[in-house]
Amino acid sequence: MTTQAHPGWDSDGLRRRPETADRTRSTVDARNSAGLPDTAGHRQSGNRQSGNRESGNRQPGHQAAGYQAAGHQPAGPPVHEQIAPANTGLDLLWTDDGLTRELLAMTHARRPHRFLPVSGPSLDSAAQRWLAARTHHEGVVPTGQLVDDPLVRGFEDRVDALRRMSDVLGGNDVYALSRTELSITVRLLRVGTHSDAHQARLYAVAAELARLAGWAMYDVGQYGTAQRCWLIALRAAHEANSPALGANVLRCMAEQVTWYGQPADAVSLLHRAQAGACYLLSAIERAVIAADLAVAHSRTGNSEDAAAETELAYTLVDKARPEDSPPYMYWARRKDVAFSAGEALLSGGSPEAAIPHFEAALDDLDELDEEVPRDRVEFLSRLGIAHVRTGNIDQAVALGHQAVSCATMIDSGMTRRDIARLCQEIEQAGASARAAGLLDHARDALGPAGPSSPSLS
């Protein structure tokens with residue numbers, strides 16, 4: 001049994017960081033409840049949860065005629081239903097057997113439970129629990145299959161394959177696959193015969209599967225459920241004694257609230273991710289966090305810090321070596337830093353300056369052997385919005401049609417939201433006919449969405 005706090009955690013340093021006590025808001029932001037984010041975005045997960053971007057201080061004026069943007073649909077059930085906040089039972093999750101209970105609840109449910117997204121102090125408290133807790137592996141009585149190194153390696157390889165499959169699969173498929181893999185992992189954790197080292201690696205597998213499940217819910221627009229999955233993933237990463245893995249979970253949570261919540265919450269989460277993993281992060285992990293901070297700072301109106309984080313991200317990504325990067329960061333390259341740099345400028349009101357960064361991101365994407373349609377749609381759509389805001393409507397429409405063609409390669413709510421927002425920007429710029437033509441192309445090419453996926457119709 002190990003009892004080790006996060007290496008390098010500076011609790012006094014965290015307390016010295018600007019707090020966000022003035023960010024008083026209801027448990028669920030009204031825009032999230034209505035599906036009307038003041039930010040437009042997503043990022044892909046395993047991958048970038050690996051979004052779609054809208055200026056953080058700019059509310060959508062109106063919708064393009066004849067369509068409802070995917071991000072503008074209610075992300076949850078009708079408001080009269082009693083749906084719990086995502087952080088319900090957070091204290092219980094961190095008890096000795098709390099993680100097992102939550103993992104079993106995830107794997108036993110035929111459909112993902114719905115939760116309401118939380119913000120502000122609720123998110124901060126979850127990150128703080130991760131920072132302050134000590135690793136305490138749950139006691140189990142080994143009664144089942146021997147868990148040896150080849151078996152654990154097999155699960156780690158399957159998780160890596162699922163990460164890469166998420167580049168070309170929509171959220172519903174990724175969630176189903178993650179849940180199936182997670183159920184077997186949980187069973188082995190509960191009754192398998194394993195060493196402490198193999199147990200920790202299985203918890204790391206469980207953390208990644210829960211993180212991917214959260215990204216899948218993010219893809220289909222269930223933001224509260226995504227948060228719930230990530231809170232469980234954070235707890236599992238801690239049980240695996242892997243601060244870097246936990247920091248990546250916090251990064252995913254931060255990206256979602258940057259685009260669909262309060263960017264100030266994202267700044268806080270990203271700072272805690274840095275503090276919790278400290279010097280354990282690789283150069284590429286630090287580069288991605290810096291790039292995400294650039295966007296979050298820009299959305300809060302802090303252009304000076306946004307510029308500093310952008311410069312740091314470019315410096316770090318140029319120092320990164322692939323052999324030093326953890327498997328869950330396989331997707332991260334210079335293209336992602338370039339995209340975030342463009343997004344920070346676009347969000348900060350400098351669309352002309354953003355265009356070269358977006359174009360560089362697309363150029364880097366062209367050099368990849370594998371197809372990553374979600375990234376391509378995102379990059380094209382945001383470049384299109386930058387062109388709209390500089391007055392080049394024709395170029396924006398052309399980019400939109402390219403994005404629609406790429407979107408046919410994946411059934412993803414994220415890509416639909418990207419395209420819908422570009423249509424809205426074009427219409428708001430006074431080009432309603434061209435926005436309608438682009439929308440018609442999207443409808444013809446993408447067809448109706450599934451019952452739990454956002455739709456363009």
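Tutor: The structure holds 23 salt bridges. A salt bridge here is a side-chain nitrogen of Lys or Arg within 4 Å of a carboxyl oxygen of Asp or Glu. The model is predicted: local features need pLDDT of at least 70, side-chain atom pairs count only at pLDDT 80 or more, and totals for chains, interfaces and linings use all residues. Residues are numbered from 1 along each chain as its sequence is written, and side-chain values use heavy atoms, with hydrogens and water left out.

Start with R101 and D97. Their side chains form a salt bridge at 2.8 Å, N to O. R101 is partly exposed at 38% relative accessible area. D97 is also partly exposed, at 43%. The cut-offs: buried is under 20% relative accessible area, exposed is over 50%, partly exposed lies in between (1.4 Å probe, protein chains only).

Next, R334 and D318 meet in a salt bridge at 2.9 Å, N to O. R334 sits in helix α14 (residues 334-347) and D318 in helix α13 (residues 303-319), so this pair ties together parts 16 residues apart in sequence. Helices are DSSP runs (H or I, at least four residues), numbered from the N terminus. R334 is partly exposed at 37%. D318 is exposed at 52%.

Then D394 and R434 pair at 2.4 Å, N to O. D394 is exposed at 55%. R434 is partly exposed at 39%.

Finally, a network. D160, R163, R164, E208 and R211 are joined by salt bridges that share partners.

Technical notes: Helices (H or I, at least four residues) and strands (E, at least two) are DSSP runs, numbered from the N terminus.
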